[in-house]
Amino acid sequence: MNTILECKNLYFSYSDNDNYALKNVNLSIKQGQKIALMGANGSGKSTFFLCCAGILNPCKGDLFFHNEKIKYDKKNLLNLRSKIGIVFQEPDNQLFCASVYEEISFGLLNLGFSEEETRLKVDNIIKTLNIQSFCEKPTHALSGGQKKQVAIADILVMSPEIIIFDEPAAALDPKHIKIVREIIDKLTENGLTVIMSTHDVDYAYEWADEIILFDNGEVIMQAKPIDIFTNNTVLDKTNLEKPTVIKLFESINDNKINYPKNLKELETYIKARLK
Amino acid sequence: MIIDKLSYNSKLRYENAEVKFAFAVITLLICVISRSAVIALIVLVVTGVLTIKSGVPVFRYLKFLSIPFAFLFLSTIAIIFDFKPFYITINKNVVFYALNLILTSLSAVSCLYFLAFTTTIMDILSVLKKLHCPKIILELMLLIYRFIFILLDTAYAISISQKARLGNINYKTSLKSFGMLGSSLMLKAIKRSQNVYIAMQARCYDDTINVLSSKKAKPKVKHIIMIALFDGFLLIFSIWSKFFL
Ligand SMILES: Nc1ncnc2c1ncn2[C@@H]1O[C@H](COP(=O)(O)OP(=O)(O)OP(=O)(O)O)[C@@H](O)[C@H]1O
Ligand SMILES: [Mg+2]
């Protein structure tokens, strides 16, 4: 698989002093991977996302997209942003139009699609995400979960190569979390690269191909979920709990190999042992 | 915001916006230019009935009309009474003039109410866009419309949290709380605008806001004919009454 996004010695600071929100970030993300970013509040996940889309300009270090160094002039930035879509943590910050339809058309028109093409794509995405029931409502009359779905539609319709979800489950009820996760699963099946920040260890363990751990603006580990969640030192450092599956498995099993990947596998394992 | 709720629950919401807009504006112009009490009465009744039929409760509609009415009433008092030294006089002609003024203004307002109660802001904006209204004004209207609601929500949440901590226990504290609400709302608005700008940039925003509104119903010939007949009648009647009455 090709590397799609890469950072080398990336530093970023919101102020001019040495108070870095991102410190010496080195990581690479391969095409089609499912990446979960984890780390305490204020550890720099959202800041990292804004750097990826070229909205924040790093103080030091370089970002590479498809092995090409990102250039910070207008044309290149617009091109980059058409390839990397961000679904923001707070939908109210993202949705600025009066109606859902207008909102979804905004990105497409910016990409230079004609009116007919735009209408076609907007209608399509409304159908795929199954949001017809509220697409005639004004934005401010939507519920939080509905706003989130519109925010996702906004980005999906632009068909980016990488989709970044900043805490997709924030402030959603279980039903809406499920809806959002199903959408994400559909995307990854189609080979999109999905990067997501989340605090949900169970979900990250099951879903992600790789987990990147942030602590105080630094990447302290990038590895497979199983390696992260069995490494007690990094878990302690970032205040992360172990996923339930691992906890349960470790409590009934002494030799710590062949961890189950999800609840289903754990269930088979337990059933086999009970026989 | 009750007007907004009424407009997107209106039975006429999905009718063609340009037709509604044309009806409201042409009728309003005829009303204002003709300055005839009879025409004003006809328009008041017709737009009133239309608005109420479209789903606005009668009582609520009258309440909405009473707002400009109170305003008009107070300002016409100054016209009706003539203050001379030692006398206050009333002239019959002036009273009729004032009545005429009140009726005309009310009917003009009722035309606009018809538009506001049956047409959503996004439809009105799309009509204005077709009329080549300056882009910057349309963008401002769009953003203001959206963020009024967010600011209202935020203000409501802040005031609740102040009340929960006894921020209104006495007059002095509630004044202070209100001041703090204002200042924190200001800060939040600035922060919010930065965040929205960031999110817009992330979607390739390039200095102009381009959006498409959903496809609207085609104008119905029946409605156009009815409007043409109505406004034509008003026009002929007003010309006739000007010259022959
Ligand atoms: N606009 C800003 N101006 C100044 N400092 C900021 C700004 N946004 C974030 N920071 C600081 O940068 C650091 C990283 O913040 P960031 O929002 O990236 O964290 P996060 O990992 O996304 O946290 P969370 O899980 O709460 O979303 C924090 O210390 C924060 O205080
Ligand atoms: Mg964040």
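Mentor: One definition to begin with: a salt bridge is a side-chain nitrogen of Lys or Arg within 4 Å of a carboxyl oxygen of Asp or Glu. Please also keep in mind that this is a predicted model.

Trainee: Which side chain does Glu182(A) meet in a salt bridge?
Mentor: Its partner is Lys178(A), with an N to O distance of 3.7 Å.

Trainee: Is Lys178(A) buried or exposed?
Mentor: Lys178(A) is exposed, at 55% relative accessible area. Glu182(A) is partly exposed, at 43%. The two fall into separate classes because exposed means over 50%.

Trainee: How many salt bridges are there over all chains?
Mentor: The search of the whole structure finds 16. Six salt bridges lie across the interface of chain B and chain A.

Trainee: Let us turn to that interface, then. How many residues does each chain bring to the contact?
Mentor: Chain A contributes 37 residues and chain B contributes 33.

Trainee: And what area do the chains bury between them?
Mentor: About 3,400 Å², of which 62% is on carbon and sulfur atoms. On the side of chain B, Arg146(B), Arg203(B) and Leu212(B) supply 27% of the area buried against chain A, more than any other three residues.

Trainee: Which residue forms a salt bridge with Arg203(B)?
Mentor: That residue is Glu103(A), and the closest N and O atoms are 2.6 Å apart. Arg203(B) lies in the loop between H8 and H9 of chain B, while Glu103(A) is in helix H4 (residues 100-110) of chain A, so this pair joins two chains.

Trainee: Are these two buried or exposed?
Mentor: Arg203(B) is buried, with a relative accessible area of 1%. Glu103(A) is buried as well, with a value of 0%.

Trainee: What about Lys74(A), which forms a salt bridge with Asp206(B)? How far apart are the closest N and O atoms?
Mentor: They are 3.1 Å apart. This pair also crosses between chains: Lys74(A) is in helix H2 (residues 74-83) of chain A, and Asp206(B) is in the loop between helix H8 (171-202) and helix H9 (221-244) of chain B. Lys74(A) counts as exposed, at 53% relative accessibility, whereas Asp206(B) is partly exposed, at 34%.

Trainee: Which residues are linked with Lys74(A) in a network of salt bridges?
Mentor: Asp206(B) and Asp207(B) are linked with Lys74(A) in that network. Elsewhere, the side chains of Arg13(B) and Glu136(A) meet in a salt bridge, at 3.5 Å from N to O.

Trainee: A change of topic: which residues coordinate the magnesium ion, ligand 2?
Mentor: Ser46(A), through OG, and Gln89(A), through OE1, coordinate the ion at 1.9 to 2.8 Å. The pair links distant parts of the chain, 43 residues apart: Ser46(A) is in helix H1 (residues 45-52), and Gln89(A) is in the loop between strand S6 (84-87) and helix H3 (91-94) of chain A. Ser46(A) is partly exposed at 30% relative accessibility, and Gln89(A) is partly exposed at 33%.

Trainee: How many residues of H1(A) are buried?
Mentor: Seven of its eight residues are buried, so that the helix is mostly covered. Among the buried ones are Lys45(A), Thr47(A) and Phe48(A). H1(A) is followed by Gly54(A), whose phi is positive, near 70 degrees.

Trainee: Now chain B. Where is Thr51(B), and what does it touch?
Mentor: Thr51(B) is in helix H3 (residues 37-53) of chain B, and it is buried, with a relative accessible area of 0%. Leaving aside residues up to four places away in sequence, Thr51(B) touches Val56(B), Tyr61(B), Tyr113(B), Phe114(B) and Phe117(B).

Trainee: Last one: which residues make the nonpolar surface patch?
Mentor: The patch, of about 720 Å², is made by Met1(B), Ile136(B), Ile137(B), Leu140(B), Met141(B), Ile144(B), Ile148(B) and Leu152(B). Of these, Ile136(B) is placed in helix H7 (residues 135-164) of chain B and counts as exposed, at 56% relative accessibility.

Key
Residues numbered from 1 in each chain as written. Chains lettered and ligands numbered in written order. Predicted model: local features only at pLDDT ≥ 70, side-chain atom pairs only at ≥ 80, totals over all residues. Heavy atoms only, no water. Donors = N, O, S within 2.8 Å, 3.2 Å for Na, K, Ca; no water. Helix = DSSP H or I, 4+ residues; strand = E, 2+ residues; numbered from the N terminus. Buried < 20%, exposed > 50% of the residue type's maximum accessible area, 1.4 Å probe, protein only. Patch = residues over 30% accessible without salt bridge, like charges linked within 9 Å, V, L, I, M, F, W, Y side chains within 5 Å. Areas by Shrake-Rupley, 256 points an atom, 1.4 Å probe, with all protein chains shown as cover. Contact = heavy atoms within 4.5 Å. Buried area = accessible area lost by both parts, 1.4 Å probe.
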